[in-house]
Amino acid sequence: MDIDTDLKRDVAELINWETTLLDRREWDDWIDLFAEDAVYWVPSWADEERTVSDPETQLNLMYFRNRGGIEDRVFRIESRDSYASLPLDRTVHIVSNILVAGVADDEISATANCLVHSFGKHGGQTRASLYDFKFRKTEAGLKIVLKKITLIDDKLEGPVDIYHL
Amino acid sequence: MDGSFQKNGLEALVDDRVDEGVFRVDRSVYTDQEIFEAEIERIFEKGWVYLCHESQVPEANCYFATDIGRHPVVVVRQKDDSLSGFINVCSHRGALLTPKKQGKAATLTCRFHGWSYSCDGRCVRIKNEKEGFGEDGFDRSQYDLNPIAKLANYRGFVFGCLVDDVEPIEEYLGAAATWIDLMVEQSPEGLEIVPGSSTYVIRGNWKMQLENSVDGYHVSTVHRVFASTVRNREERESLKGLKQTEGGRLVGIVPSGAYDLGNGHMSIWAQHTTPERRPIFKKKEWLEANLPEAHVEWILEKGRNLALFPNVMLMDNPSTQIRYVKPISADRAEVTVYCIAPVGEDAEARAARLRKFEDFYLTAGMATSDDMAALEDTMAGSFASQAQWSDFNRGIQTMTHGADEGAKAVGFDPVSSSESWENETLFFGFYRRWRDMMLDQD
């Protein structure tokens, strides 16, 4: 399938921008990248080799059916009343392997890999994820309608919030 | 410690003078690695511990791998539907037998040298047996798996013990059995573990995890932000019914209570001001038609946390949880959480139960993460030997010896009852059991 290079560039730009906003704590701009009906999904592992496959009927690490879920997380972070979020861990996201997987009507799907190094009270640690995105073409440009994060680490040290993923 | 902790030292760690209004614990119980090693031997490898839920081994030949202290253990469903437990180790060289945490296999075959065991523990095949051990008279049964001394299934919750000399399971559970009953009797079709789980490492002592799960006192400080976050969400999105969160308990404005259930078990409850937001509320009519009134009231209107000594917690709040703790070292423990739910639950209630679980109970959630951070700070502070005592005195003047009215209504008999879940008198039983097992070195 031929995918136009402008689109590939726009997708890569958006994914890089998304994680950059997280690392720079530009929460409101980050939320704005998501459509209001965007799904944010971090499945849990059903066993050693497979994650859960149906977020509605199975246990997830995070599953937000609309953008309100990430708005809740930002509300909690910004309240400065969350024990786990004060002081906030520092993070750096390194995204690579960005591939546009398909285009159908106004929807574009893409995959990427991400390493997140975080540093907090108990020192530094690095976690890795597979990203699955869906984007929608809108008048305001591409908006995220799905961000699925498959966190390959399955024995978690310390709290995990949106900026760790 | 200097090694003198064996008897006098250990007794002094629990300052149990309730008559004088004092109950406190030396914080070296959290930090000292020598004490930790003794706990593994004298508590985890000498008494009952929780292993799994029976729904994790649903059919014959299904297995679930876990641990008792330092012993890898496997629970296996037999062809006659009974459960067996074995040390999960090949008789030959000690490799673990199960390739995965949970699975199904007609025989357990060691992947090192290929020895095989039937699900009842018999050694049924030794690779190249004749060449290695001769043609005649070789007795393979000497290599059968080691069964664990005791295995018991209390209404679906499976417990094991490595020694024979232990009280019957009903006696061990005692008053806590009623708290399990209140969970089980909600569903005539039984309970099941929902697919998926989360394991996390706490940089703290295993006992702190049990304490945290029945510490009502922290809720209105640590979880105040959870309450304000979900309130903000509900206003923003105009949510109704099961999509709303029960908030009264989080801000400390509802009736509540705490029980020392004996044998180290502890529990707390808090009144739900809006029980219609709980998934189980959809079964109200069935509950009322089938259970005594007092049970229905406890099930629908009282959010409950139960800590069973020494390694599992059962929560029945807006969502329902099994939280298993595995001690790793004095300052580290591994915790695995599962959502447990009624079999055949309707889709809306199941989804609400899961979303409430994800909101609150995970290290990636908005409350357990804050609990962990508080716990890890408590661990860091516990190394200060010049500030040596943790106080558990709150409520010591007002506690009721024996059962209060609520306990009598459903027929369990606690050691003591307390009229607020902010009180700490329930921990007396936990640390008395701890002390008694640590001192009993036979």
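Start at the contact between the two chains of this predicted model: select the 31 residues that chain A brings to it and the 36 residues from chain B. On the chain A side, colour strand 2 (60-64), helix 3 (68-79) and strand 7 (155-157), each of which supplies at least two of the residues touching chain B. Helix 3 of chain A gives the most, with five residues. Now colour that side of chain A by residue type, and you will find 13 nonpolar, eight polar and 10 charged residues.

To see one pairing, pick A:Glu157, whose bridge partner in strand 14 of chain B is B:Val201.

Then hide chain A and look at chain B as a whole. Its secondary structure comes to 15 helices and 23 strands, and its C-alpha trace spans about 75 × 55 × 40 Å along the principal axes.

For the last stop, select helix 11 (residues 293-301) of chain B: which of its residues are buried? They are B:His295, B:Trp298 and B:Ile299. Look down the helix axis, and the buried residues fall within an arc of 95°, so they line one face of helix 11. An α-helix has 3.6 residues a turn, so residues three or four places apart point the same way. Finally, show what covers the buried residues of helix 11, including helix 6 (176-184), helix 10 (284-290), strand 17 (302-308) and helix 14 (405-410) of chain B.

How values were computed: Residues are numbered from 1 along each chain as its sequence is written. Chains are lettered from A and ligands numbered from 1 in the order in which they are written. This is a predicted model: local features need pLDDT of at least 70, side-chain atom pairs count only at pLDDT 80 or more; totals for chains, interfaces and linings use all residues. A residue is buried if 20 or more other C-beta atoms lie within 10 Å of its own, exposed if 12 or fewer, and partly exposed in between; C-beta atoms are placed from the backbone. Helices (H or I, at least four residues) and strands (E, at least two) are DSSP runs, numbered from the N terminus. The arc is that of the directions from the helix axis to the C-beta atoms. Two residues are in contact if their C-beta atoms, placed from the backbone, lie within 7 Å. Ala, Val, Leu, Ile, Met, Phe, Trp, Tyr, Cys and Pro count as nonpolar, Asp, Glu, Lys and Arg as charged, and the others, Gly among them, as polar. Two strands pair if DSSP finds at least two bridges between them.
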